[in-house]
Amino acid sequence: MIKKCLFPAAGYGTRFLPATKAMPKEMLPVVNKPLIQYAVEEALEAGLSEIGIVTGRGKRSLEDHFDISYELEHQITRQVEMKGLGHAILTGRPLIGDEPFAVVLADDLCLNLEGDSVLKQMVKLYNQFRCSIVAIQEVPPEETNKYGVIAGEMIRDDIFRVNTMVEKPKPEEAPSNLAIIGRYILTPDIFDLIEQTEPGKGGEIQITDALMKQAQDGCVLAYKFKGKRFDCGSAEGYIEATNFCYENLYKTGKAH
């Protein structure tokens with residue numbers, strides 16, 4: 001069973017400057033609670049009771065926020081240099097050990113009002129397939145340069161076995177319009193693969209490059225999840241998420 005969930009939260013939040021000069025992007029409130037709390041609650045609802053957060057300079061408010069609400073048991077580590085998502089995940093290795101684990105990017109707010117949370121859906125899939133899984137959604141072809149993009153063999157209408165994975169391809173070079181969003185289930189061998197990965201797009205160590213090696217040597221699945229995803233790293237997505245949560249959670253009394 002998967003028990004651990006890692007939250008890479010060391011980024012600078014440059015798309016939301018100047019608000020993020022003094023406030024971590026993960027602490028931006030959507031109606032009445034910050035993004036990071038939505039994400040941690042999603043992990044807990046999926047049965048992931050051991051929460052690890054990779055922070056950076058100026059992120060003390062993340063620790064303060066969970067000081068009383070959740071027992072972190074020293075499960076906080078710091079990414080000294082911003083070298084990409086792959087490096088952030090590698091920084092969390094001492095917290096994870098040799099176990100499968102989830103990774104959640106809090107600025108991708110995922111909600112499913114009709115059933116299981118996105119992460120719970122993925123945990124159930126892992127229990128069936130026992131391999132790394134990435135969450136995907138279709139995006140407009142002109143937006144593929146914002147995401148890691150996959151292509152592969154369709155196993156069923158919502159699951160693909162990945163054979164191609166490209167980080168932020170130009171629309172004309174993208175293998176599909178199936179984009180990876182901020183939910184992952186990873187097997188622990190990913191750490192060694194990240195260590196072997198050279199810096200890629202943008203000079204950063206990309207998790208997509210390590211996952212591509214894993215797909216070539218074994219199996220990585222991509223899952224078209226049930227629910228809505230909001231890119232809260234952008235002003236448009238953040239406003240859309242706030243409006244949605246206000247109408248569907250806060251006004252209806254489902255927010256807590």
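This is a predicted model: local features need pLDDT of at least 70, side-chain atom pairs count only at pLDDT 80 or more; totals for chains, interfaces and linings use all residues.
A second, separate core of 32 residues has Val162, Met165, Ile194 and Ala222 among its members.

Leu119 itself belongs to the largest nonpolar core, which holds 34 residues. Together with Cys5, Phe7, Ile36, Leu48, Ile133 and Ile185, Leu119 touches the most other members of that core. Helix α5, residues 118-129, supplies the largest share of this core, namely six residues.

Helix α5 has twelve residues, and its first and last C-alpha atoms lie 17 Å apart, close to the 16 Å expected at 1.5 Å a residue. The buried residues of α5 are Val118, Leu119, Gln121, Met122, Val123, Leu125 and Tyr126. After α5 comes Arg130, with a positive phi near 55 degrees.

Cys245 counts as buried because its relative accessibility is 1%, and buried means under 20%. Leaving aside residues up to four places away in sequence, Cys245 touches Val30, Val31, Tyr38, Leu109, Leu111 and Tyr250. Cys245 and Val30 are 215 residues apart in sequence, yet their C-alpha atoms are 7.3 Å apart in space.

| α5 | residues 118-129 | Leu119, buried |

Note on methods. Residues are numbered from 1 along each chain as its sequence is written. Side-chain values use heavy atoms; hydrogens and water are left out. A nonpolar core is a set of buried Ala, Val, Leu, Ile, Met, Phe, Trp, Tyr and Cys residues joined through side-chain atoms within 4.5 Å. Buried means under 20% relative accessible area, exposed over 50%, partly exposed in between (1.4 Å probe, protein chains only). Helices (H or I, at least four residues) and strands (E, at least two) are DSSP runs, numbered from the N terminus. Contact means heavy atoms within 4.5 Å. The expected span of a helix is 1.5 Å times one less than its number of residues.
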